[in-house]
Amino acid sequence: MEEIQNFYSSIDSDTLKKVYYCMIKEKNGSGIIPIIISSGPWLFLLFSNQLQDFLFKDGSLLWVVFSIIYISILSISVFLHFHERSWSFVHIEIIQEILHDRKGIRDKA
């Protein structure tokens, strides 16, 4: 955290405000991961007959492998989405604090 604070402290206020706005966009943006999470099942539903024929052909256990891979990808995607969102929140708080401190110094001068 200290490295992040030192880095942001070394940036001028105008650039820091731009970074702040980018972080807000990142935090509030839906991003690609939620789109993939929500569109994946619709894609599978669209091709459900073909997918069922392929996965359950001749008593195959391919559906187990498919399910494990799909649930793993889904879990990792959700984790990454919330991990990135929480880091953007941390950056936003640090930037706000630095800008607030700079504004306080400017107001006193």
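Biologist: Which residues of H2 are buried?
Modeller: Ser-13, Leu-16 and Tyr-20. They cover an arc of only 55° around the axis, so they sit on the same side of H2. The arc is taken from the directions from the helix axis to the C-beta atoms. Buried means under 20% relative accessible area, exposed over 50%, and partly exposed in between, with a 1.4 Å probe and protein chains only.

Biologist: And what exposed residues are on the face turned away from the buried side of H2?
Modeller: Asp-14, Lys-18, Tyr-21 and Lys-25.

Biologist: Before we go on, how is the model treated?
Modeller: Residues are numbered from 1 along each chain as its sequence is written, and side-chain values use heavy atoms, leaving out hydrogens and water. As the model is predicted, local features need pLDDT of at least 70 and side-chain atom pairs count only at pLDDT 80 or more, while totals for chains, interfaces and linings use all residues.

Biologist: Which residues form the largest nonpolar core?
Modeller: There are 10: Ile-4, Tyr-8, Ile-11, Leu-16, Tyr-20, Ile-92, Ile-94, Ile-95, Ile-98 and Leu-99. H1 (2–9), H2 and H5 each supply at least two residues of this core, and the largest share, 5 residues, comes from H5. A nonpolar core is a set of buried Ala, Val, Leu, Ile, Met, Phe, Trp, Tyr and Cys residues joined through side-chain atoms within 4.5 Å.

Biologist: What does Ile-4 touch?
Modeller: Not counting residues up to four places away in sequence, Ile-4 touches Trp-87, His-91 and Ile-94. Contact means heavy atoms within 4.5 Å.

Biologist: Where is Trp-87?
Modeller: Trp-87 lies in H5, residues 62–108. Trp-87 counts as partly exposed because its relative accessibility is 35%. Its C-alpha is 8.7 Å from that of Lys-27, 60 residues away in sequence.

Biologist: Overall, how many helices and strands are there?
Modeller: The protein has 5 helices and 0 strands. Buried residues make up 17% of its 109 residues.

Definitions and conventions: Helices (H or I, at least four residues) and strands (E, at least two) are DSSP runs, numbered from the N terminus.
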